[in-house]
Amino acid sequence: MVQASSLAADVQHQLLERNQIFETFFAQQALPLAVACREMSDRFLKGGRLLAFGRGPYATDAQHVSVEFVHPIIVGKRALPALDLSLLFRPWLDAILQPEDMVMGFGPPTGDPEATAALAMAHQRGAMTFALPGRSGSYTLEPPSQNPFIHQELIEILYHTLWETVHVFFEHRELGHDVGDSGFLYPFLGETKQQTRDTVEQVAASIRLKAGDDASLRARVAQDESGQIVNAARAIHERVSRGGKLIMFGNGGSATDANDFAIDCVLPPSGYHPVPAISLSMEPANLTAIANDVGIELIFLRQIIAQARPEDVAIGISTSGGSRNVILALEEARKRGLATVALLGYDGGEIVRRELADFPLVVRSDYIPRIQEVQASTYHVIRETLEALSHA
């Protein structure tokens, strides 16, 4: 049996290793990313869309970046057109791509030949392309780590950075755009703003600061939550060894994290053992039927009733700790004898206050993108710890 203290030390090491990689990367890439944000703002103002795609776990990055741009969590920021085309990305691109669009292809550190070919086609047709990873396109990424979990976490920080900072260029440039009847939605469009030349360096500095904030939060989780991460992984391992499965759920960006965690379990990196898992957030027909017929608060509870067995583990993800549908699902899971794990932000919210999770894992921040980035590290480290336990 692996000692808990040894596992906790390993969890700390893994979290802090990520900080070194991420801070170095964003120190080097802050200026190219700022320039990319400026071009994105140009293209959005010309009617361009962000079209994203990936396969396997990387499809969840396309889901995540799409929801971030369409449904901004910062009050007052505009909804920007973005689509996840992962299901049939090449035929969809062939059918709908316009020259003003931006195309973002996600893949493993070693690359994805089909994604590379689709990005090349999009670039040839005039689109701005993000090769994540890749060596050819408008913005290209050479992965600083071959660990697929670390690679995916870095990519999440990157697209959060693009989403956060593209708005800066909307508000600090000479827009000169006639927005007609939609002017009341975006009153600053069409107003004269300062040129963006002087803004790029400021944005680059801001990107470096964001990476530093992210590192500070991850270091705090390494210090405060390593033991709890190990306890959660042990409980999951014990339930799975008895024939149980993991049941994940969350809303918005947390839904994509639930999907990613589930895929990481059933389609793990080479050399890992599969772990039985499902994501309730990956069921659009169930989600929309339940939301339409009985209410959004019951979308996970009704699925727990259908899917849960006493030996299972319910894993709720909520940046606020107060998502009503996550709370109700955890309550139902408790009634049915499931172990409960919660990935939370802020102070853990109602889920912590009501002790609805046997293993609450809290990223103590009030800013959702940073919370989600560190939560991604947390569940990936849980996955790595489960693999260590399977070899014990």
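A salt bridge is a side-chain nitrogen of Lys or Arg within 4 Å of a carboxyl oxygen of Asp or Glu. With that in hand, here are some close-ups of this predicted model.

**View 1. Arg 18 meets Glu 153 in a salt bridge.** Their closest N and O atoms are 2.7 Å apart. Arg 18 is part of helix α1 and Glu 153 of helix α5, so this pair ties together parts 135 residues apart in sequence. Both partners are buried.

**View 2. Arg 370 and Glu 164 form a salt bridge.** Here the N to O distance is 3.0 Å. The pair ties together parts 206 residues apart in sequence, because Arg 370 lies in helix α12 (residues 368–390) and Glu 164 in helix α5. Arg 370 is buried, with a relative accessible area of 5%, and Glu 164 is buried at 9%. Shared partners join Glu 164, Lys 210, Arg 370 and Glu 373 into one salt-bridge network.

**View 3. The largest nonpolar core holds 44 residues.** Look for Phe 69, Met 104 and Phe 106, which have the most contacts inside this core. Helix α1 supplies its largest share, 12 residues. Among the residues that Phe 106 touches are Ala 52, Val 65, Leu 132 and Tyr 159. A second, separate core of 38 residues includes Leu 217, Ile 236, Val 275 and Phe 359.

Conventions: Residues are numbered from 1 along each chain as its sequence is written. This is a predicted model: local features need pLDDT of at least 70, side-chain atom pairs count only at pLDDT 80 or more; totals for chains, interfaces and linings use all residues. Side-chain values use heavy atoms; hydrogens and water are left out. A nonpolar core is a set of buried Ala, Val, Leu, Ile, Met, Phe, Trp, Tyr and Cys residues joined through side-chain atoms within 4.5 Å. Buried means under 20% relative accessible area, exposed over 50%, partly exposed in between (1.4 Å probe, protein chains only). Helices (H or I, at least four residues) and strands (E, at least two) are DSSP runs, numbered from the N terminus. Contact means heavy atoms within 4.5 Å. Lists of a residue's contacts leave out its neighbours within four places in sequence.
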